[in-house]
Amino acid sequence: MLDRQHLSILREVDRMGSLTAAAERLNVTQSALSHTVRKLEERYGVAMWEKDGRKVRLTEAGRSVVTLAQRVLPQIERAEEALSDYRDGQRGSLKIGMECHPCHQWLMGVTKPYLMAWPNVDLELTTSFAFGGVAALTGYEIDILITPDPLEAPGIHYLPVFDYELVLAVPAGHPLAAEDHAEPIHLLEETLFTYPVPPERLDIFTQFLVPANSRPRHHRNVETTEMMLQLVAAGRGVSAIPNWLVRQQEEALGVRPVRIGESGIQKSIHLGLRTGDETIDFIAGFLGTSRQTSA
């Protein structure tokens, strides 16, 4: 019957691309690995892979098993880690996923007090997901998802922990610095710096520019907040950025925040978690520290 060993073998073969590498990763001999899968193929009458020179290529049947493995194995591994943590008195390893660039600065303010309050909890952070943050959360690859754009999903709920306003950062001498707010027309001749996110997921486009059928003269992606504000301070353009990040560098760099539109763009950092997990002590501790730090 199909069991965990089959799932592990096919997942590693898919990852490594060869039987030899997969066997080394699983600490078994190649012959034992091949024999195990051959018995599975004989039972169900389908091939799991095909030889492609020195490498192997999964068949459609093999690919379907790998898809199952990618969903099931992280949950099993996470459960085993939790059992080991309870056995050792560690109480858990908190895995956090993050879907937004400015959230990193906010998280750094929460991390220190949390680690001091929970010295026996390991904290892991990831910003890359194979299938998106919500999928990583439902698949037990992470325990908490930090995002400004909650995506509803069964068994997942979100807690807002930090409110902020998305603003335009402009040089202190820029004409917009004296205005009450910016209109789309003000960006027609501007270079707009944003984090490297597709425009269809950027609020300044979806809530401000696109409804007015307007675009900036140039749009440039910048990886870090620090570089973005340096470029703005040097007069190279303007940036869409959370207001609290502008305030941190307002005097040092000579940049100013300007409201985007008459009503502004209001946002919140949310913590997404699986329903019921808020009762786990070290997760509840992170939620509490997040609220206190943000307040």
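Where is the place of Y140? Y140 sits in the loop between α6 (133-138) and β5 (144-147). Helices here are DSSP runs of H or I of at least four residues, strands are runs of E of at least two, and both are numbered from the N terminus.

This is a predicted model, in which local features need pLDDT of at least 70, side-chain atom pairs count only at pLDDT 80 or more, and totals for chains, interfaces and linings use all residues. Residues are numbered from 1 along each chain as its sequence is written, and side-chain values use heavy atoms, with hydrogens and water left out.

**Two positive phi values**

Y140 has a phi near 65 degrees, a positive value in a residue other than glycine. Y140 is partly exposed, with a relative accessible area of 33%. The classes are buried under 20%, exposed over 50% and partly exposed in between, computed with a 1.4 Å probe on protein chains only.

N27 also is not a glycine, and its phi is positive, at about 60 degrees. N27 lies in the loop between α2 (19-26) and α3 (30-44). At 71% relative accessibility, N27 is exposed.

**Helix α2**

N27 follows α2. At the start of this helix, a side-chain oxygen of S18 comes to within 3.1 Å of the backbone nitrogen of A21. The buried residues of α2 are L19, A21, A22 and A23. Their cover includes α1 (4-16), α3, β1 (49-52) and β2 (55-58). An α-helix has 3.6 residues a turn, so residues three or four places apart point the same way.

**Accessibility of selected residues**

| Residue | Relative accessible area | Class |
|---|---|---|
| R78 | 10% | buried |
| C100 | 10% | buried |
| C103 | 1% | buried |
| T194 | 1% | buried |
| I204 | 1% | buried |
| P175 | 63% | exposed |

**R78**

R78 belongs to helix α4 (residues 60-88). Its side chain reaches the backbone oxygen of S93 at 3.0 Å. That is a polar contact: a pair of N or O atoms within 3.5 Å, where within protein one must be able to donate a hydrogen and the other to accept it, and residues adjacent in sequence count only if both atoms are side-chain atoms. Beyond its neighbours within four places in sequence, R78 is in contact with S93, K95, Y140, D143 and F282. Contact means heavy atoms within 4.5 Å.

**T194**

T194 lies in strand β8 (residues 191-194). Its side chain makes a polar contact of 2.7 Å with the side chain of H219. Another polar contact, of 3.4 Å, joins the side chains of T194 and N221. Leaving out residues up to four places away in sequence, T194 touches L202, H219, R220, N221, V222 and M228.

I204 is in helix α7. Residues up to four places away aside, I204 touches L166, L168, L187, L192, L209, A240, I260 and I265. I204 and L166 are 38 residues apart in sequence and 8.2 Å apart in space, C-alpha to C-alpha.

P175 is in the loop between β6 and β7 (181-182). P175 and L151 are 24 residues apart in sequence, and their C-alpha atoms are 37 Å apart.

**The disulfide**

How many disulfides does a search of the whole structure find? The search finds one. C100 and C103 form a disulfide, with sulfur atoms 1.6 Å apart; the cut-off for such a pair of cysteine sulfur atoms is within 2.5 Å. The torsion about the S-S bond is about 130 degrees, so the disulfide is right-handed.

**The largest pocket**

The largest pocket holds about 480 Å³ of space. Of the 27 residues that line this pocket, the closest to its centre are E99, C100, H101, P148 and V197. On a 1 Å grid over the protein atoms alone, a pocket is an open set of points where a 1.4 Å probe fits, with protein on both sides within 12 Å along at least five of seven lines; lining residues have an atom within 4 Å of a point. The volume is the space filled by probe spheres set on the points.

Elements giving two or more residues to the lining are β6 (156-171), α7 (203-209) and β10 (238-242). β10 gives the most, with three residues. By class, the lining has 16 nonpolar, six polar and five charged residues. Nonpolar covers Ala, Val, Leu, Ile, Met, Phe, Trp, Tyr, Cys and Pro; charged covers Asp, Glu, Lys and Arg; the others, Gly among them, are polar.
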